[in-house]
There are 2 protein chains.
Amino acid sequence: MNRRKAETKAEEWLIEEQTPSYRTQWRVRQVLHEEQTPFQHLQIVEMEDFGRALVLDGAVQTTVGDEFIYHEMIVNVPLFTHPNPERILVIGGGDGGTVREVFRHPSVKKVDMVEIDGAVIAACRRHLPETAAGLDHPGLNLVVGDGIEWVAERKEEYDVILVDSSDPVGPAEGLFNRAFYENVYRALKPAGVFVAQVLSPFFHQRLIRDVYQVVSTIFPITMPYLAVVPTYPSGLHCFMLGSKRFSPLRQGMKTPAWPTRWYTPEVHRTAFQLPPVVAGLVQPVAAVETARKPG
Amino acid sequence: MNRRKAETKAEEWLIEEQTPSYRTQWRVRQVLHEEQTPFQHLQIVEMEDFGRALVLDGAVQTTVGDEFIYHEMIVNVPLFTHPNPERILVIGGGDGGTVREVFRHPSVKKVDMVEIDGAVIAACRRHLPETAAGLDHPGLNLVVGDGIEWVAERKEEYDVILVDSSDPVGPAEGLFNRAFYENVYRALKPAGVFVAQVLSPFFHQRLIRDVYQVVSTIFPITMPYLAVVPTYPSGLHCFMLGSKRFSPLRQGMKTPAWPTRWYTPEVHRTAFQLPPVVAGLVQPVAAVETARKPG
């Protein structure tokens, strides 16, 4: 009986619809947690190939197998762009991987993290301890609340703001519009930097184009960059960086004093070299669209 | 009746097993061609999201939607590494995309292409005309035959050899061993360059490690490089470059005098910047492992 049950489980698949015509299937060893939160359908599953994973509304958010790429790239690029990041705001990031990487930077003094769904935090603490490690850092002010409201009430408070959200449907929808980016700008200090994840240049071209258009009218420096995350659709993932003063390609940036698995200063620089088909999304030309608006 | 049939077809999916526990599913509008050749199971399908595709033994080889990335990267990196590539050998490449890109280089005088499966060429000519465009170039000597034997019989004949094969199972198996790479070395002129596709750094780590180990004992310069190809497993694809004299990062390389969609000189350079987790596959360190053996 038990053996039969185990066999059945071994044949369970998580099917993620990337587009109506393109899906990925992951063989699932075990569903460790499943609930309907007030905001979304939440699962923690153990996959054969990438280990444990957080799944929200059927979309794989993070896996133990490749989360290091996403988290090293969303954190280290802006934090090394800023010469002395002390005050950080993370919006979303309930799995804890982003704050884990943030606290590796010795300049960081205090981090506010505002995650809308407390159930995500609880589930990741329990089932993804390596990822959630940062959530217990004494420098963390962990708020379960609405990041949109939080950022609207702040002024010149942060050196870096990281928008580590789920996709722009459901609870994250309000993180992808002009009012939000204007509030992010206002909440940053005069040399502040922000980054938002903006999905795949192959599957979400309109989103990337729209976000670039808006952010580039607000921030004097707006530069998208790329990273490969195998468990995300198409493998190629885009981040939008807005900066008030410092270029992410400035000279003399520091290098990590801790071991990294994906990020290096060279990987940082190369992430901004957009192939023409991606650069075309952020016309006129991404890496040239700088210093257009006074800071 | 016809309508019913059309509806049924619209619900057909091509399921590709990337690993026993990870699959991708593509909605297929139409199967345009299907046959069992002496070498493999061959399909041309029209997918919703990436257009027409060549599928061999159930594995997507090339799609109209993203073939330009693979072909621009397998061709332009070695051909711009060599200062004056005139004589080129392509092993495999039955879809024609590689020779199409090769013939854009004005220095190229003659190309031998040796594809083992004539049925692939015929099917691609008929159903993938944009990709197969290069197959009718007057400078092409198109041979249906065994690339392993062909290269074993040549000596100092080519400036560049491109191994554009399917995966190392089935007919391409012999393209991934020491004897083959030694023959490639012998078939190259004293300043020759070769490239082989070696799959995903996430799913084929042993293959990449093994090929690197072998190639680096034969070629004085051995450097893997990366490109993103969304329809390949994990999105990240690796190429192994071996060179007798010229570094792919040498100064003063030419730039394409024709429009490209992925390749640029910057993308060329960045392709060699390996994240630590990939660099670890090609120990001691990929980009340092040069000039070890006299040319």
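A: The account below begins with the meeting of the copies and then turns to the domains, the sheet and selected loops.

The model is predicted; local features need pLDDT of at least 70 and side-chain atom pairs count only at pLDDT 80 or more, while totals for chains, interfaces and linings use all residues. Residues are numbered from 1 along each chain as its sequence is written, and chains are lettered from A and ligands numbered from 1 in the order in which they are written.

Two strands pair if DSSP finds at least two bridges between them.

How are the two copies related? Two copies of a chain are related by a rotation about an axis and a shift along it. In this model, a rotation of 180 degrees with 0.0 Å of shift along its axis superposes chain A on chain B, with an RMSD of 0.0 Å. The copies are therefore related as by a two-fold rotation axis. The same surface serves both copies, since 100% of the contact residues of chain A recur in chain B. The superposition is by least squares on the C-alpha atoms of residues with pLDDT of at least 70 in both copies.

Within chain A, domain 1 covers 2-63 and domain 2 covers 67-288, with bounds that come from an automatic or database domain assignment. Their centres, taken over C-alpha atoms, are 26 Å apart. Each of these domains of chain A supplies 20 residues to the contact between them. Strand 1 (13-19), strand 2, strand 3 (41-47), strand 4 (51-56) and strand 5 (59-63) of chain A each supply at least two residues of the domain 1 side. Strand 5 of chain A gives the most to that side, with five residues. The residues of the domain 1 side divide into nine nonpolar, eight polar and three charged.

In chain B, four of the five residues of strand 5 (residues 59-63) are buried. A residue is buried if 20 or more other C-beta atoms lie within 10 Å of its own, exposed if 12 or fewer, and partly exposed in between, with C-beta atoms placed from the backbone. Strand 4 (residues 51-56) and strand 5 of chain B run antiparallel, joined by four bridges, and B:A53 has B:T63 as its bridge partner in strand 5 of chain B. These two strands form a hairpin with two residues between them, and B:D57 in the turn has a positive phi of about 45 degrees. In chain A, A:D57 lies in the loop between strand 4 and strand 5 and has a positive phi of about 50 degrees although it is not a glycine. With 15 other C-beta atoms within 10 Å, A:D57 is partly exposed.

Chain A also holds an open sheet of seven strands in the order 8-7-6-9-10-12-11, with mixed pairing. Strand 8 (140-144) and strand 11 (221-228) of chain A stand at the edges with a single partner strand each, so one side of each is left without a neighbour in the sheet. Strand 7 (residues 110-115) of chain A pairs with strand 8 of chain A in the parallel sense over five bridges.

Finally, B:L274 is found in the loop between helix 9 (265-271) and helix 10 (276-279) of chain B. B:L274 is buried, with 24 other C-beta atoms within 10 Å.

Technical notes
Contact = placed C-beta atoms within 7 Å. Nonpolar A, V, L, I, M, F, W, Y, C, P; charged D, E, K, R; others polar.
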